[in-house]
Amino acid sequence: MAHGHARPILLGLIGSPIAHSASPAMHEAAAEAVGLRAHYQLIDVPGADAARLRGLLSSLAPIGFSGVNVTFPYKETVLPLLDALSPGARAVGAVNTIVVRDGQLTGHNTDTTGFARALTQAFGPEPDGPVALIGAGGVGKAVAVALARFPGLEVRLVDADPAKAEAVAASLAGHASLRVCRRIGEAVEGARGIVNGTPVGMLPDRGTPVPLDLLRPGMWVADAVYSPLWTPLLTEAARIGARTMTGRELAIHQALDAFALFTGREAPVSAMARAFDRAVAPLAA
């Protein structure tokens, strides 16, 4: 193992539940690939309120963290607790990456950049629309902003909380053709693509965000969940011959972008991908 630093770079993940996270494996492998050492700590805090999160965040700099990722359910809660936000994080209204520098915490969103790149690699430079996007929470919002970067792509957003979907639509007004649908069926009817931006389907949940009888062979279907890699939604989509993208691609690409923000170094995709595959292999068994 290379010893570019006397002490390893300290990174982490704040969220819950995160026992299945592939992030430690990916970031530690990325560091090794560029001649650094990193320790990536899982910080599993169930049910934390803003005060508890503020305390946790204020301890990152003194303990010596270079940065942390943030996942469900805190991507939105941390926003007002940070010193600064990148334009991308502000546009999304959610943070998945916090860089710690000189005692200052800056929030970024690499779900957006990661998803846009993953999508074009999976389905080509101009994905077919309309796209039904399920979920207007932390990941759903990042996906909405990513989809807005494809000119003329119609996005139909649906969330169990219509007010959340309306807020996302308002924030993207003028930048995207995004409309809010009240029901899943309305969003999916005539759609060419479906994206699950909710935790539905993530173990131990075996549900599906979209009734499986609404899937069609000509569609493409992407899922942000990666434990399991093949959610009930993707399993059925593949079975009927639809094109699929698992949560693997988003996980790898958001991590690559986060690692670059944490360290200033570009890690090879192959190192992150191998580490991801090793980390999730036991879950697939």
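**Entry 1: helix H5**

I began with H5 in this predicted model, and I noted that the helix is mostly covered, with eleven of its eleven residues buried. I wrote down the buried residues of H5 as Gly138, Val139, Gly140, Lys141, Ala142, Val143, Ala144, Val145, Ala146, Leu147 and Ala148. I kept in mind that an α-helix has 3.6 residues a turn, so residues three or four places apart point the same way.

**Entry 2: strand S8 and its neighbours**

I then looked at S8, residues 154–158, and found this strand mostly covered as well, since four of its five residues are buried. On pairing, I found that S7, which covers residues 131–134, and S8 run in the parallel sense and are linked over four bridges. I followed the path of the chain here: from S7 it passes through H5, residues 138–148, and on to S8, which gives a right-handed β-α-β crossover.

I next looked up S9, residues 177–180, and noted that S8 and S9 are parallel and joined by four bridges.

Which residue of S8 is the bridge partner of Ala132? I found that the partner is Arg156, and I also recorded that Arg156 stands opposite Arg179 in S9.

**Entry 3: the sheet with S1 to S6**

I turned to an open sheet of six strands, which I listed in the order S2-S1-S3-S5-S6-S4, with mixed pairing. I noted that S2 (38–44) and S4 (84–85) stand at the edges with a single partner strand each, so one side of each has no neighbour in the sheet. For S4, I found S6 (residues 104–108) joined to it by two bridges in a parallel arrangement, and I recorded Thr106 in S6 as the bridge partner of Ala84.

**Entry 4: Asn69**

I picked Asn69, which lies in strand S3, residues 65–70. Is Asn69 buried or exposed? I found a relative accessibility of 3% for Asn69, and because the cut-off for buried is under 20%, this residue counts as buried.

I then listed what Asn69 touches, leaving out residues up to four places away in sequence, and the contacts are Gly12, Leu13, Ile14, His27, Tyr40, Asn96, Thr97, Gln254, Ala258 and Phe262. I also looked up the separation between the C-alpha atoms of Asn69 and Ile43, which is 9.9 Å for two residues 26 apart along the chain.

**Entry 5: the annotated stretch**

I checked the UniProt record, an unreviewed entry, which lists residues 13–98 as "domain: Shikimate dehydrogenase substrate binding N-terminal". Over residues 13–98 I noted 36% helix and 23% strand, with the end C-alpha atoms 10 Å apart.

**Entry 6: the whole chain**

Methods: Residues are numbered from 1 along each chain as its sequence is written. This is a predicted model: local features need pLDDT of at least 70, side-chain atom pairs count only at pLDDT 80 or more; totals for chains, interfaces and linings use all residues. Side-chain values use heavy atoms; hydrogens and water are left out. Buried means under 20% relative accessible area, exposed over 50%, partly exposed in between (1.4 Å probe, protein chains only). Two strands pair if DSSP finds at least two bridges between them. A crossover is right-handed if, with the strands pointing away from the viewer, the path from the first strand over the helix to the second runs clockwise. UniProt positions are given in the numbering used here, feature names are shortened, and annotations may be inferred rather than shown by experiment. Contact means heavy atoms within 4.5 Å.
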